[in-house]
Amino acid sequence: HRRLLQWMKSPKPDEVKRLFKLWDIDDIFAAITRKSSTKQQFYFRLDGLVNKRNNIAHGDISTETTASEVREYMNSVELFCDRADRRLARKLRVSLGIECDW
């Protein structure tokens with residue numbers, strides 16, 4: 001798994017899409033949403049989260065985040081992960097005939 005996911009250190013939306021393409025899901029953001037606005041929200045929240053994290057980690061003192069923003073990021077990530085997990089489980093059930101009861 002280390003070699004397979006070596007490029008996932010700070011995964012931006014394109015890297016997340018690339019990960020799910022390994023499982024034959026071309027665009028995970030489109031696969032888990034019906035409305036384009038929801039798709040864009042997931043995409044931009046994830047991108048914003050990674051960018052802020054990188055800026056803070058690299059000492060950019062002008063980057064700040066509020067407790068409210070952190071809660072919004074957490075809610076978005078939780079919702080994205082729940083939907084993506086269900087989508088991948090469905091894909092594995094259909095493709096490989098295995099049940100994913102995680």
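Biologist: How do you know how much accessible surface the protein chain has, and what share of that surface belongs to carbon and sulfur atoms?

Modeller: The accessible surface comes to about 7,600 Å², and 51% of it belongs to carbon and sulfur atoms; such areas are computed by the Shrake-Rupley method with a 1.4 Å probe, and for residues only the protein chains shown count as cover. This is a predicted model, in which local features need pLDDT of at least 70 and side-chain atom pairs count only at pLDDT 80 or more, whereas totals for chains, interfaces and linings use all residues. Residues are numbered from 1 along each chain as its sequence is written, and side-chain values use heavy atoms, with hydrogens and water left out.

Biologist: Why is serine 76 called buried?

Modeller: Buried means under 20% relative accessible area, exposed means over 50%, and partly exposed lies in between, with a 1.4 Å probe and protein chains only. Serine 76 has 10%, which is under 20%, so the label buried applies. The residue sits in helix H4 and, leaving out residues up to four places away in sequence, touches Gln41, Phe42 and Arg45, contact being heavy atoms within 4.5 Å. In the chain of 102 residues, 26% are buried.

Biologist: What makes leucine 96 exposed?

Modeller: Its relative accessible area is 54%, which is over 50%, so leucine 96 counts as exposed. Leucine 96 lies in helix H4 (residues 67-96) and belongs to a nonpolar surface patch of about 560 Å², made together with Leu4, Leu5, Leu22, Trp23 and Ile98.

Biologist: How do you know that lysine 39 and aspartate 27 form a salt bridge?

Modeller: A salt bridge needs a side-chain nitrogen of Lys or Arg within 4 Å of a carboxyl oxygen of Asp or Glu; here the N to O distance is 3.0 Å, so the pair qualifies. Lysine 39 is in helix H3 and aspartate 27 in the loop between H1 and H2, twelve residues apart, so that distant parts of the chain are linked. Aspartate 27 is buried at 18%, whereas lysine 39, at 28%, is partly exposed.

Biologist: What makes glutamate 69 and lysine 52 another such pair?

Modeller: Their closest N and O atoms are 3.3 Å apart, which is within 4 Å, so this too is a salt bridge. Glutamate 69 lies in helix H4 and lysine 52 in helix H3, so the pair ties together parts that are 17 residues apart in sequence. The structure holds five salt bridges; one of them joins arginine 86 and aspartate 82 at 3.0 Å, and both of these residues lie in helix H4, four residues apart, about one turn of the helix.

Biologist: How do you know how helices H1 and H3 are arranged?

Modeller: The axes of H1 (residues 13-21) and H3 (residues 36-57) come within 9 Å and cross at roughly 115 degrees; axes are lines fitted to C-alpha atoms over the stretch in contact, and angles run from 0 to 180 degrees between N-to-C directions. Pro13, Asp14, Val16 and Lys17 of H1 make the contact with Tyr43, Leu46 and Asp47 of H3.

Note on methods: Helix = DSSP H or I, 4+ residues; strand = E, 2+ residues; numbered from the N terminus. Patch = residues over 30% accessible without salt bridge, like charges linked within 9 Å, V, L, I, M, F, W, Y side chains within 5 Å.
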